[in-house]
Amino acid sequence: MAGVQVGAGAVPWAALDHAALGLPATTDLPASQALDALVHAAAGVAYLKWFEYQLAAAMHAELVEPFEDEDRRELDAFTRCAATIATTLSITQGAARTLLTDAVALRDRLPLVAECLRDGVVTPHHIRTIVSRTELIEGQCYAALVDADIARALRRPGSWSPARMEAMVDMMVDRRDPDAVRARREKAKRNREFTVEMGRDGLASATDTRPAEDIVALHASVTRLAAQVCPKDTRSKAARASDAHYALITQTGFGCDCDRPITDCRYKNIDLTKFAATAPRILIHLVTDTTTLDGPVPAPKAERVCRSTQHLPRPDESTSAVTVAPEPSDSEPIAPQSVSSNRPNVTADDEADVTSDASAGCEEPVGLDFVDGVGFLAGIGIISGAHVRDLAADPRTIIRPLGDGTDTPLPATQPSNPYRPSAALDAYIRARDLFCTWPGCNRPAWDGDLDHITEYDHTHPEKGGRTSATGLGAKCRFHHLLKTFADFVDDQYPDPADPSRLIRTITIPDGRTVLGPAFTGHDVHPGLDAIVFGDPPETRASKPGLTERTRPAPRTEQKHARRRQERNRNRLRRVIPPDDTPPPF
């Protein structure tokens, strides 16, 4: 039997027909064409990763599954299979085990998510997030429902950042089994710990596992103290944060490390006691709804029935099953709900039909006797309803309702300045956007700016740039500056199919338009749809005796006018499809 070296005889990728792969023959392309090829290559990478997972799952089916039940060896079949992959691909054993684990999870637990990867809907670096955050649904009857929920969300038009992906997956898991989420949190609180791990070069790392709100407060304290330096400080931001953390814990000194004398730098020595006494309070922003604060509510009768086709009745149960109305798709309108679990509405008219098909579902409750909401903790993500109520019961917590529950419009601007949003509008936009709305950005909305999508004209406000819910969006400072001073043009307008939602776009300098986030606060708290704001006040006439600016700023005004025209062109292009027919000559 002749041995064949791995890869021998295979055609190198560089020698394959690029045209058959949809790739250009060369990478020496103009920027616009290179970007098109980059987008296509990213979809190809997703497909190849899906193909890799399929092959790994096939190896698992042949080399691992037949021996799983009785294999008690230290180097079991899974380890041997992973070692085969690791040796062949020259990767670590841990990386091979992760590849096998993810491949099996996509095959057995998340097949619809795997199809999204195959179709280039989701990128490979998001798959690890989805797999890891759905591990606890393994073997549960609602696993197929979570898979369908996540896949449905992934196929929405729009972009994803890692933080938005985590929030979406956590919400899909929490709403299917709130009791399990509550039990896991109590267990995690009992198992909180502080660990130290020795590193290289005489350094070590410490890990403190605590409730999320404590870590948010600690991070805010460290960040605030680390900022007490002058511009000539030589440390990186991360190094300053490390020093500030140690100073807070040990109550030792902290100060700027610039080479200027103490008489020239007032940050040389920071008195921590005085700093803590004079610093403003640390605020932790939590968004929830009143129903979640009140506690779980009884689930509709149809919601107590398992909808999964993968769960069979127990032997002592009746062989009959209950078929319930299917869940609405994204294209079907859902009436606003106060419960933030985002469940479909079920009315008394939705009668259940009893059939003898066991694959249609089962009558076993799956922890859905009660429906609970969720909360969104800025800087952390989704937390359970029980966690929300724990925080609400803290005497230091201040609950500020956003609106009074009526149709009365809330003020959109500050009374004395139509450029500044009101406190209610400010809180609403941050709760609606959750993060910076630039595609791929993870910065929480509470750490960024509120930006006028259409530039506000301070000289003639009637020309555009309204301070309103549809006219403002959250951006981190970097992307706010990028939009202001670079040739990126953003837009935001109501979705024609659902006016309560917004469509966001970013047009890059070469003219390509990229959709904004696919997951927002409306998906976490549908009750945001019921909050309305009044129109901004009319512009007041200039007071007598005050002279207006006589010399306009033509460069700024021309830039704003050009951007308004480009937004209008983009909107018309979306309404009127381009005519691809050749001209008559």
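A residue counts as buried when its relative accessible area is under 20%. His 452 has 7% relative accessibility, so His 452 is buried. This holds for a predicted model.

**The chain as a whole**

The chain has 585 residues, and 39% of them count as buried. Its secondary structure comes to 17 helices and 16 strands.

**Around His 452**

Where does His 452 lie? His 452 belongs to strand β12, which covers residues 449–452. Leave aside residues up to four places away in sequence. His 452 then touches Tyr 419, Gly 465, Arg 466, Thr 467, Gly 471, Leu 472 and Lys 483. Ala 469 is 17 residues from His 452 in sequence. In space, the two are 10.0 Å apart, C-alpha to C-alpha.

**A sheet of three strands**

Strands β14, β15 and β16 form an open sheet in the order β14-β15-β16, and the pairing is antiparallel. The edge strands are β14 and β16, each of which pairs on one side only. On average, neighbouring strands of this sheet are turned by 30° against each other, direction ignored.

| Strand pair | Sense | Bridges |
|---|---|---|
| β14 and β15 | antiparallel | seven bridges |
| β15 and β16 | antiparallel | three bridges |

Strand β14 runs over residues 489–495, and strand β15 over residues 498–507. A hairpin of two residues joins β14 to β15. Val 489 stands opposite Thr 507 in β15. Asp 490 has Ile 506 in β15 as its bridge partner. Ile 506 also has a bridge partner in β16, namely Val 514. Thr 505 is bridged to Leu 515 in β16.

The hairpin of β15 and β16 has five residues between the strands. In this hairpin, Gly 511 takes a positive phi near 100°.

**An enclosed helix**

Helix α13 covers residues 385–392. Six of its eight residues are buried, so α13 too is largely enclosed by the rest of the structure. Which residues of α13 are buried? They are Gly 385, Ala 386, His 387, Val 388, Arg 389 and Leu 391.

**Two packed helices**

Two packed helices are described by the angle between their axes and the distance between the axes. Helix α4 (residues 111–118) packs against helix α6 (residues 143–154) at an angle of about 25°. Their axes are 7 Å apart. Angles under 35 degrees count as roughly parallel, so α4 is roughly parallel to α6.

Which residues meet here? From α4 come Pro 111, Leu 112, Val 113 and Cys 116. From α6 come Asp 147, Ala 148, Ile 150, Ala 151 and Leu 154. By class, the contact of α4 with α6 has eight nonpolar residues, no polar residues and one charged residue.

Note on methods:
Residues are numbered from 1 along each chain as its sequence is written. This is a predicted model: local features need pLDDT of at least 70, side-chain atom pairs count only at pLDDT 80 or more; totals for chains, interfaces and linings use all residues. Side-chain values use heavy atoms; hydrogens and water are left out. Two strands pair if DSSP finds at least two bridges between them. Helices (H or I, at least four residues) and strands (E, at least two) are DSSP runs, numbered from the N terminus. Buried means under 20% relative accessible area, exposed over 50%, partly exposed in between (1.4 Å probe, protein chains only). Axes are lines fitted to C-alpha atoms, for helices over the stretch in contact, and angles run from 0 to 180 degrees between N-to-C directions. Angles under 35 degrees count as roughly parallel, over 145 as roughly antiparallel, 65 to 115 as roughly perpendicular and the rest as oblique. Contact means heavy atoms within 4.5 Å. Ala, Val, Leu, Ile, Met, Phe, Trp, Tyr, Cys and Pro count as nonpolar, Asp, Glu, Lys and Arg as charged, and the others, Gly among them, as polar.
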